Amino acid sequence: EHKNARFRLCGKCENNFYRLEGLCVACPDLAWLILIACFLVAAFLCAVAYFLTKYGVQLAAVSICIDFCQVVSLFGSYDFAWPRVVTGAYSVLSAFNLNLELASPECSVGWDYETKWYIMYFMPVMFGFVFTSGLIL
């Protein structure tokens, strides 16, 4: 149990802390800026993917790279005494798994664990809806 966890074996942390990789971590000073940056990066990547697809660029190599990064980031979930550099790399690579924890929404938006869970649970449905509506239009 981490010292800033509110309850044992629970996803809740004390005030001004958020859950990241099973631990309670102090909220960053500019948490709202991190959330905005995540949305801007996502919008930029969607625009790039759209134009690459529009001009017929094959994305097989990019897909393989994303798959590799997703698999490697899963090693970070094992409870080993990884060096700090390695755990940092695993955290960065977890962005390829659409890890909402990296944006620390508890600090900037005030979401609790349950709200974050529902958003993560329905995120594939939301992406499917956006993708399908994009094909229709």
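This is a predicted model: local features need pLDDT of at least 70, side-chain atom pairs count only at pLDDT 80 or more; totals for chains, interfaces and linings use all residues.
1. Disulfide count. Taking a disulfide as a pair of cysteine sulfur atoms within 2.5 Å, the model has one disulfide. The partners are cysteine 27 and cysteine 107, with sulfur atoms 1.9 Å apart.

2. Geometry and exposure of the link. The bond between cysteine 27 and cysteine 107 is left-handed, with -75° about the S-S bond. Cysteine 107 is partly exposed, at a relative accessible area of 23%.

3. Cysteine 46. Cysteine 46 is exposed, and its relative accessible area is 53%.

4. Cysteine 69. For cysteine 69 the closest cysteine sulfur is in cysteine 65, at 4.3 Å. That is still too far for a bond, because the cut-off is 2.5 Å. Cysteine 69 is buried, with a relative accessible area of 8%.

5. Nonpolar surface patch. Which residues form the nonpolar patch on the surface? They are Tyr113, Trp117, Tyr118, Tyr121, Phe122, Val125 and Met126, and together they have about 760 Å² of accessible area. One of them, tyrosine 113, is found in helix H5 (residues 113–136). Tyrosine 113 is partly exposed, with a relative accessible area of 42%. As a general point on spacing, an α-helix has 3.6 residues a turn, so residues three or four places apart point the same way.

6. Serine 91. This residue lies in helix H3 (residues 84–93). Is serine 91 buried or exposed? Serine 91 has a relative accessible area of 15%, so it counts as buried, the limit being under 20%. Apart from neighbours within four places in sequence, serine 91 is in contact with Glu21 and Leu102.

7. Helix H1. This helix has 24 residues. From the first C-alpha of H1 to the last is 35 Å, close to the 34 Å expected at 1.5 Å a residue. Just after H1 comes glycine 56, which has a positive phi of about 75°.

Methods:
Residues are numbered from 1 along each chain as its sequence is written. Side-chain values use heavy atoms; hydrogens and water are left out. Buried means under 20% relative accessible area, exposed over 50%, partly exposed in between (1.4 Å probe, protein chains only). Patches are made of residues with over 30% relative accessible area and no salt bridge: like charges are joined within 9 Å, nonpolar side chains (Val, Leu, Ile, Met, Phe, Trp, Tyr) within 5 Å. Accessible areas come from the Shrake-Rupley method with a 1.4 Å probe; for residues, only the protein chains shown count as cover. A salt bridge is a side-chain nitrogen of Lys or Arg within 4 Å of a carboxyl oxygen of Asp or Glu. Helices (H or I, at least four residues) and strands (E, at least two) are DSSP runs, numbered from the N terminus. Contact means heavy atoms within 4.5 Å. The expected span of a helix is 1.5 Å times one less than its number of residues.
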